[in-house]
Amino acid sequence: MRVVIVGASRFGTSTAQELLENGHEVVLVDENPERLKAAREYLDCGMVEGDGSLPTVQRDAFGDHADALVLLTNMDDVNILSAVVGRSVGFPRVVPQIVRPELVSVCEELGLTDLITPHATVARSIVRVVEGGAEAALDLRHYKGVQVLGYKIGNRCHGWTASDFELPEQARIIGLARGKDEADFVFDIEELREGDKLILVASPKAHAKLDAIFAEPDLPGDEANGAA
């Protein structure tokens, strides 16, 4: 994949490094030249200096194509604005970081469903540790690289059961999230519905095959309409 990251913060550069180590191409955007200069010391990726919320800067970073735009500045409002601009520029996927929980609903109203909420995620982990339920989290940490993934079920897989998927050996289905805001978690899957999010645990070796399994084919006319 080719991924554009706006924000050369510690979080942004760590994400860039992880993507590069996994064989992806990265373009890092920041309006602070000193940050880019420091990142250039250890990151072998493209760099664009400028305001990442501006369409001209995003188009420069987009180049011929890009698969995703990840917004990791320290300001929620900048990340939201950049995500909206990113969709108009043509990024197939935009992923903003949101720290303030009151802005999550705003993002959802704007159709920004792929959110990074680091504080909420860390808070859930802390609560889990305090409540004495950290054993499972420690297992995932032990098996380095294992991740929990979520795939949206489209029309093609509507009506399928879990056994209909020919999953790679390094992946297992945990359950699915369903309903408004995906609030209901179902462990015993009888039948999948369009809009469900299937939750799996998988090693990095399985990621590419899983992406292919759950990819939805383009609908007739999508290409003509400019759909990705």
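Which are the buried residues of helix H8 (residues 207–214)? They are His-207, Leu-210, Ile-213 and Phe-214, where buried means under 20% relative accessible area, exposed means over 50%, and partly exposed lies in between, with a 1.4 Å probe and protein chains only. Seen down the axis of H8, these buried residues fall within an arc of 120°, so they line one face of the helix; the arc is that of the directions from the helix axis to the C-beta atoms. The face of H8 turned away from its buried side carries the exposed residues Ala-208 and Ala-212. The cover over the buried residues of H8 includes strand E6 (147–152), strand E7 (171–178) and strand E9, with contact meaning heavy atoms within 4.5 Å.

This is a predicted model, in which local features need pLDDT of at least 70 and side-chain atom pairs count only at pLDDT 80 or more, while totals for chains, interfaces and linings use all residues. Residues are numbered from 1 along each chain as its sequence is written, and side-chain values use heavy atoms, with hydrogens and water left out.

**The chain as a whole**

The chain has eight helices and nine strands, which are DSSP runs numbered from the N terminus (helices: H or I, at least four residues; strands: E, at least two). Buried residues make up 36% of the 228 residues in the chain, and of the contacts with a separation of 6 or more, 57% are between residues 24 or more positions apart. The accessible surface of the chain comes to about 14000 Å², of which 51% belongs to carbon and sulfur atoms; such areas come from the Shrake-Rupley method with a 1.4 Å probe, and for residues only the protein chains shown count as cover.

Helix H1 (residues 10–21) has 12 residues and reaches 16 Å from its first C-alpha to its last, close to the 16 Å expected at 1.5 Å a residue, the expected span being 1.5 Å times one less than the number of residues. The buried residues of H1 are Gly-12, Thr-13, Ala-16 and Leu-19. Viewed down the axis of H1, they fall within an arc of 120°, so they line one face of the helix, whereas the face turned away from the buried side carries the exposed residues Arg-10 and Glu-21. Among the elements that cover the buried residues of H1 are strand E1 (2–6), strand E2 (25–30) and helix H2 (33–40). Just after H1, Gly-23 takes a positive phi of about 85°.

Ser-9 is placed in the loop between E1 and H1. Not counting residues up to four places away in sequence, Ser-9 touches Arg-35, Leu-72 and Asn-74; Ser-9 and Asn-74 are 65 residues apart in sequence and 7.7 Å apart in space, C-alpha to C-alpha.

Leu-81 counts as partly exposed at 46% relative accessibility, whereas Ser-82 is buried. The side chain of Ser-82 reaches the backbone oxygen of Val-78 at 2.7 Å. Ser-82 touches Gly-52, Ser-53, Gln-58, Leu-69 and Leu-71, not counting residues up to four places away in sequence. Leu-81 and Ser-53 are 28 residues apart in sequence and 6.3 Å apart in space, C-alpha to C-alpha.

**Asp-196 and its contacts**

Asp-196 lies in the loop between strand E8 (184–186) and strand E9 (197–202). The side chain of Asp-196 makes a polar contact with the side chain of Arg-178 at 2.7 Å, a polar contact being a pair of N or O atoms within 3.5 Å; within protein, one must be able to donate a hydrogen and the other to accept it, and residues adjacent in sequence count only if both atoms are side-chain atoms. A polar atom of the Asp-196 side chain also lies 2.8 Å from the backbone nitrogen of Arg-193. Residues that Asp-196 touches, not counting those up to four places away in sequence, include Tyr-151, Lys-152, Leu-176 and Glu-191.

**Buried single residues and cysteines**

| Residue | Relative accessible area |
|---|---|
| Asp-196 | 3% |
| Ser-9 | 10% |
| Ser-82 | 0% |
| Cys-107 | 0% |
| Cys-157 | 2% |

A disulfide is a covalent bond between the sulfur atoms of two cysteines. Counted as a pair of cysteine sulfur atoms within 2.5 Å, the number of disulfides comes to zero.
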